Amino acid sequence: MEDYNKIIESLGVKFVKAKNIKIQKPVTVNNLYEVENKVVWVNKGEVLLGEEKLLAKEGDFAFIPGGKVHQITYGRGKPNRIDY
């Protein structure tokens, strides 16, 4: 148990900022690159993450690791595609 406590204590979590975005039409963002790790909370609707299309539904949290290129889709239906 002590090992787990050391890991938890070494994690540095901080709140930087929050945004509330209302998506009007489904959209896919290609080549999304985040420098730092991000956590997305899905308030309403759904979000598909990555090429695998992992689903995050209403009330779920989605983790987006920094330093990698990702694809993210907001909403259901045929999305418009944009590049980041």
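**Entry 1: the β3/β4 hairpin**

I started at the hairpin that β3 and β4 form, which has four residues between its strands. Strands here are DSSP runs of E with at least two residues, helices are runs of H or I with at least four, and both are numbered from the N terminus. I am working with a predicted model, where local features need pLDDT of at least 70, side-chain atom pairs count only at pLDDT 80 or more, and totals for chains, interfaces and linings use all residues. Residues are numbered from 1 along each chain as its sequence is written, and side-chain values use heavy atoms, with hydrogens and water left out.

In the turn, I found Gly50 with a positive phi of about 75 degrees. The two strands pair in the antiparallel sense over four bridges; pairing requires DSSP to find at least two bridges between the strands. Leu48 has Leu55 of β4 opposite it.

Most residues other than glycine have a negative phi. Lys53 sits in the loop between β3 and β4 (54-57). Its relative accessible area is 34%, so Lys53 is partly exposed. My cut-offs are under 20% for buried, over 50% for exposed and partly exposed in between, with a 1.4 Å probe and protein chains only.

Asn31 also went into the notebook, with a positive phi of about 55 degrees. Asn31 belongs to strand β1 and counts as partly exposed at 44% relative accessibility.

**Entry 2: the nonpolar core**

Which residues make up the largest nonpolar core? I listed nine: Val29, Leu32, Val42, Val47, Leu49, Ala56, Ala62, Ile64 and Ile72. A core here is a set of buried Ala, Val, Leu, Ile, Met, Phe, Trp, Tyr and Cys residues joined through side-chain atoms within 4.5 Å. At least two residues of this core come from each of β1 (27-33), β3 (46-49) and β5 (61-64).

I then looked up Leu32, leaving out residues up to four places away in sequence. Leu32 touches Lys68, Val69, His70, Ile72 and Tyr84, with contact meaning heavy atoms within 4.5 Å.

**Entry 3: two faces of β5**

On β5, I saw Ala62 and Ile64 on the covered face, and Phe61 and Phe63 on the uncovered one. β5 runs antiparallel to strand β2 (residues 38-41), with four bridges joining them. Phe61 is the bridge partner of Trp41.

**Entry 4: the salt bridge**

How many salt bridges does a search of the whole structure find? I got one, taking a side-chain nitrogen of Lys or Arg within 4 Å of a carboxyl oxygen of Asp or Glu as the criterion. Arg76 pairs with Glu46, and their closest N and O atoms are 3.1 Å apart. Arg76 is in the loop between β6 (69-74) and β7 (80-83) and Glu46 is in strand β3, so the pair ties together parts 30 residues apart in sequence. Arg76 is exposed, at a relative accessible area of 64%, whereas Glu46 is buried at 15%.

**Entry 5: Tyr33 and Ile7**

Tyr33, in strand β1, is partly exposed with a relative accessible area of 40%. Finally, I checked Ile7, which lies in helix α1 (residues 2-10). Ile7 is partly exposed, with a relative accessible area of 49%. Its C-alpha atom is separated by 33 Å from that of Lys44, 37 residues apart along the chain.
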